[in-house]
Amino acid sequence: MAVWDDVLPEEDRLVFEAAGWGKEVGFGARPVLLVVDVIYNFVGDRPEPILESIKKWRYSCGERGWEGVGQLQRLIAAAREREVPIVYTGMDRRPDGFDQGAWNWKSHRAAEASDIRGSLGNEIVAEVAPRPQDIFFVKDKPSAFHGTHLLDYLIYLGADTVITTGTTTSGCVRASAVDAAQYNFRSIVPEECVWDRSTISHKVNLLDIQMKYGDVKATDEVIAYFRSLPQRPCGDRTPTGKPNTDQEVPAA
């Protein structure tokens, strides 16, 4: 049973089926794992009910976010076994909020300090934190592609598949997964490794991704896929995090 089955009207199911939507895109040979905004702002600083967590962390998804972090730990470990490149995104806004632009218009709590540059809220959750070989950048908008070098990195790696994880399903995950498909990558979303503050938004957006943009897969299936790959599937351009020079770095 798919996660959206209990909210999908029978007529809608028949429409998708008759129109031919929902065909599997499948996995490619050179994946990149994308970890979108898995920061304390989106899960809180401890597992607790969402209505408690959002008192301090307005973006928080509460306990369901921490459940997702646990699943994501497993997926990241499998990616590291095969040296699949891992790309992390985060957020880090200016004190005046200028870089958030229209984001400021949609929440009456937009002026709170939890996501200002230097806040704990902007730190990647320790359980899934990047390592030196991983790629990290801050984005200002929902899609990990918008205004960033992500597409450049994927082209350089020769990637053909983007595995999108993180938060939130209806926001940055959906935007990134859709853009991955728009740039003609195989777009995959591991169901248990994405989460949302809204249950209905989570289910409906996974349905949309499955029907029109990519594949929503069980995390275990993606782990098995990683383990089926050769070592370093993206080849010699895979980042290592090791210095490529033995020269002393000039002091600032």
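Modeller: Happy to! Leaving out residues up to four places away in sequence, arginine 174 touches Thr168, Thr169, Asn205, Asp208, Ile209 and Tyr213. Please keep in mind that this is a predicted model. Arginine 174 itself sits in helix H6, which covers residues 169–182. Two of those neighbours deserve a second glance. The side chain of arginine 174 makes a polar contact of 2.9 Å with the side chain of asparagine 205, and another, of 3.0 Å, links the side chains of arginine 174 and aspartate 208.

For the other spot, turn to strand E2, residues 86–90. This strand is mostly covered, with five of its five residues buried. Its residues point two ways: Ile86, Tyr88 and Gly90 to one side, Val87 and Thr89 to the other, and all are buried.

Strand E2 also has a partner in strand E1, residues 31–36, and these two pair in the parallel sense over four bridges. Strand E3, residues 135–138, runs parallel to E2 as well, and four bridges join them. Valine 35 stands opposite tyrosine 88 in E2, and tyrosine 88 in turn stands opposite phenylalanine 136 in E3. If you select tyrosine 88 in your viewer, remember that it is one of the buried residues of E2.

Methods
Residues numbered from 1 in each chain as written. Predicted model: local features only at pLDDT ≥ 70, side-chain atom pairs only at ≥ 80, totals over all residues. Heavy atoms only, no water. Polar contact = N/O pair within 3.5 Å; in protein donor to acceptor, adjacent residues only side chain to side chain. Contact = heavy atoms within 4.5 Å. Buried < 20%, exposed > 50% of the residue type's maximum accessible area, 1.4 Å probe, protein only. Pairing = 2+ DSSP bridges.
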